[in-house]
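User: Please examine the structure below and answer some questions about it.

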Amino acid sequence: MSTNMKSILFWNARGARRPVFLNHLLSLSRTYTNTLLIIYETKLSDTKANAIFSSLIRSHYKFVNPSRGASAGMIILWPKSWGYINFTFISPFSTYGILAIDDKPWILSIIYAPQNCTHQALLWDELSAIVNLGYPTLLLGDYNASLLQSDKRGGIPVSSSAKSRQFLSFFLSHSLSDIPFTGHKYTWSNRHTNPSSFILSRLDRGLANPGWMDLYPHCSFTNLPRVASDHGPCILGLFSTSITKKSRKHFNFPNHLLNNSDFLTSLNYIWSISYKGSSTGNLMKKFWPLERKLRDGLTKLWGIGTNLLFSFSIR
């Protein structure tokens, strides 16, 4: 990714006043010069945030959401060349702003999901209201839950987590895309030294609706190494290509089904059947039972109702 490309870097600091964290953040800001910086869980008051980030504030616009006691807190910094962005604090879990980059307006929603499952349900309601506005929308942040088993190593299975089931239900019901990433597979570690309790997970990610993916079909997403926090920073490159054709359909495949032997057996059977007619018609006739099997697989493995639609259509 070009270091001069417009980009968004977000990072769960777990406390932003530590010199090791600040030094690394300043190093990243010098590397990625044209970048909107989102630092959450700063654990800083408004006054302390302004003082600690003073060297960056001089050349950036800022939005500060002060901490609540010794927890939470957020600061957003972006180059003045981007113009002023009006960020709004919705709740302790989400903040949003309307960006107009290259004359393309879209909504940026910044998420810091709570640990509590009941509070997370409120977050999904908040985000659903934003996505349902119908504008191109990007959701960035720490979701405090994994979508797939491949996102996690150690700890309880993802399919046994109520938070993960709620997260997956929200993800599927809004036809969101999980922006593909490069770099480190996991963005968080519990840092335990005992192998039996050591956990790695991809908690930080970017989700986008089809409208946003049409604006930035070639965006890049990189998980950087974990330094000075139990979370690693993530950076999203905003490389866009003008869209002249009809909006694309986005295909989101639930990867965890590949670990289910019953699904794989059914998939092999469906694909082995030969139908009369053209090769295209043959292919379409195979897709229909495959779609039903995908829905059945999600219902059995996750308890998600079949009324939830996938973000693709084959009819």
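Analyst: Buried means under 20% relative accessible area, exposed over 50%, and partly exposed in between, with a 1.4 Å probe and protein chains only. This is a predicted model, in which local features need pLDDT of at least 70 and side-chain atom pairs count only at pLDDT 80 or more, while totals for chains, interfaces and linings use all residues. Residues are numbered from 1 along each chain as its sequence is written, and side-chain values use heavy atoms, leaving out hydrogens and water.

User: Is H119 buried, partly exposed or exposed?

Analyst: H119 lies in helix α4 (residues 117-131); helices (H or I, at least four residues) and strands (E, at least two) are DSSP runs, numbered from the N terminus. Its relative accessibility is 37%, so H119 counts as partly exposed.

User: Which residues does H119 touch, not counting residues up to four places away in sequence?

Analyst: Contact means heavy atoms within 4.5 Å. H119 and F93 are 26 residues apart in sequence, with their C-alpha atoms 8.9 Å apart. Beyond four places in sequence, the residues that H119 touches are F93 and P114.

User: On which side of α1 are its buried residues, the same or opposite sides?

Analyst: The buried residues of α1 are F21, L22, L25, L28 and S29. They cover an arc of only 125 degrees around the axis, so they lie on the same side of α1; the arc is that of the directions from the helix axis to the C-beta atoms. An α-helix has 3.6 residues a turn, so residues three or four places apart point the same way. The answer is therefore the same side of α1.

User: Against which elements do the buried residues of α1 pack?

Analyst: The face turned away from the buried side of α1 carries the exposed residues P19, N23 and R30. The buried residues of α1 pack against β1 (7-12), β2 (35-40), α2 (46-52) and α3 (54-57).

User: Where is R202 found, and is R202 buried or exposed?

Analyst: R202 is found in the loop between β13 (200-201) and β14 (204-208). Leaving aside neighbours within four places in sequence, its contacts include D151, D178 and Y186. Because its relative accessible area is 3%, R202 is buried.

User: What is the span between the end C-alpha atoms of helix α1?

Analyst: The expected span of a helix is 1.5 Å times one less than its number of residues. Helix α1 (residues 19-31) has 13 residues and should therefore span 18 Å. In agreement with this, its end C-alpha atoms are apart by 18 Å.
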